Amino acid sequence: MGRLFFILGIIVLFLLLLLFVPIDLETDAYYDINGRKLAFSVNAYRLIPLVGGYVATYPGGIAFHLTKKKAVVLPYSQVKDEQKRFSFMRTFWLKNARFHIETGAEYLFPVLLLQRCLQIYTLTKKGKKTELENELWLSNGDTLKLSANFLIRFTIYKLLRSILKNVKEK
C-alpha cells in the first residue's frame, strides 16, 4: 500500500512541475526581401528542435512550408479569425530579443522607426526585464535582410488557463 502512495506522489509531483515550471522557446528567424521568404526555427530550451521551415505568401494567403513535401496553407481570412481567438500577450513572456538588420538607403527610415518602437516597448515594461539588442548594418544597393532571435518563456498552466478562457467565452 505504501508503494502505491509513493508512486502516486511522484506522479502528482511530476504533473505539478510540468504545469508550473517555465518552458523556454527560442525562435530564430531570417528574412530576405529579395528572396521573399521568411525562414524560421523553434527550439525548446535551445536544444530540442520543435518546428522549422519557411513562410511564403501566395495570392490570398500564407503558406508555412515545414518540409519539402508538407505545407500548411492559411487564407488571410482565417489568419484574422485565428488572431482574434487567442491572446498571446498574457500567456507568453518575451525574455530577450536580438535583431540584426542589413539595409540599403531605401529601407533605412522604416527600419530606424521599427528599432525605436522596439526600444520604447522594452523601456515601458514596468518591472519585467526584457533584454533587447539591435544591430544595424548599412549596405549599398536595394537590400533588406533581417535576422532575429527571440527567447519566449511560458508555463503550461497559463497556456491552459488562456485556452480554457477562450473556450468558455465561446
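Figure 1. At 28% relative accessibility, Glu 133 counts as partly exposed. The structure shown here is a predicted model, so please read each close-up with that in mind. The side chain of Glu 133 meets that of Arg 98 in a salt bridge, at 3.4 Å from N to O. Arg 98 belongs to strand 6 and Glu 133 to strand 7 (residues 131–138), so this contact ties together parts that are 35 residues apart in sequence. Arg 98, for its part, has 25% relative accessibility and counts as partly exposed.

**Figure 2. Asp 24 and Arg 153 joined by a salt bridge.** How many salt bridges does the structure hold? The total is three, and this view turns to the one between the side chains of Asp 24 and Arg 153, with 2.7 Å from N to O. The two residues come from distant parts of the chain: Asp 24 sits in strand 1 (residues 23–32) and Arg 153 in strand 8, 129 residues apart. Is Asp 24 buried or exposed? Asp 24 counts as buried, since its relative accessibility is 15%, and the cut-off for buried is under 20%. Arg 153 has 26% relative accessibility and counts as partly exposed.

**Figure 3. Arg 46 reaching Glu 26.** Here the side chains of Arg 46 and Glu 26 form a salt bridge, with an N to O distance of 4.0 Å. Careful readers will want the cut-off at hand: the nitrogen has to be within 4 Å of the carboxyl oxygen. Arg 46 lies in the loop between strand 2 (37–44) and strand 3 (48–58), while Glu 26 is in strand 1; this pair, too, links distant parts of the chain, 20 residues apart. Glu 26 is buried, with a relative accessible area of 11%, whereas Arg 46 is partly exposed at 46%.

**Figure 4. Asn 96 and its neighbours.** Now look at Asn 96, a residue of strand 6. With 7% relative accessibility, Asn 96 counts as buried. Which residues does Asn 96 touch, leaving aside those up to four places away in sequence? They are Arg 46, Glu 131, Asn 149, Phe 150 and Leu 151.

Figure 5. Phe 20 and Tyr 157 make up a tilted pair, with 5.1 Å centre to centre and 40° between the planes. This pair links distant parts of the chain, with Phe 20 in helix 1 and Tyr 157 in helix 4 (residues 156–169), 137 residues apart. Phe 20 is partly exposed, with a relative accessible area of 45%; Tyr 157 is partly exposed as well, at 36%. Next come Phe 92 and Phe 154, whose ring centres are 5.1 Å apart and whose planes meet at 65°, so they form an edge-to-face pair. Again distant parts of the chain are linked: Phe 92 lies in the loop between helix 2 (76–85) and strand 6 (93–103), and Phe 154 in strand 8 (residues 144–154), 62 residues apart. Phe 154 is buried, with a relative accessible area of 9%.

**Figure 6. A nonpolar patch on the surface.** Met 1, Leu 4, Phe 5, Phe 6, Ile 7, Leu 8, Ile 10, Ile 11, Phe 14, Leu 15 and Leu 18 form this patch, with about 1200 Å² of accessible area together. One of its members, Ile 11, is found in helix 1 (residues 2–20). Ile 11 is partly exposed, with a relative accessible area of 44%.

**Figure 7. The chain behind the close-ups.** To place the views above, step back to the whole chain. There are four helices and eight strands, which follow the pattern α-β-β-β-β-β-α-β-α-β-β-α along the sequence. The chain has 170 residues, and 22% of them count as buried. Its accessible surface comes to about 12600 Å², and carbon and sulfur atoms account for 66% of that area. Among contacts with a separation of 6 or more, 61% are between residues 24 or more positions apart.

Notes. Residues are numbered from 1 along each chain as its sequence is written. This is a predicted model: local features need pLDDT of at least 70, side-chain atom pairs count only at pLDDT 80 or more; totals for chains, interfaces and linings use all residues. Side-chain values use heavy atoms; hydrogens and water are left out. Patches are made of residues with over 30% relative accessible area and no salt bridge: like charges are joined within 9 Å, nonpolar side chains (Val, Leu, Ile, Met, Phe, Trp, Tyr) within 5 Å. Accessible areas come from the Shrake-Rupley method with a 1.4 Å probe; for residues, only the protein chains shown count as cover. Buried means under 20% relative accessible area, exposed over 50%, partly exposed in between (1.4 Å probe, protein chains only). Rings of Phe, Tyr and Trp (its six-membered ring) pair if their centres lie within 6.5 Å; planes under 30 degrees apart count as stacked, over 60 as edge-to-face and the rest as tilted. Contact means heavy atoms within 4.5 Å.
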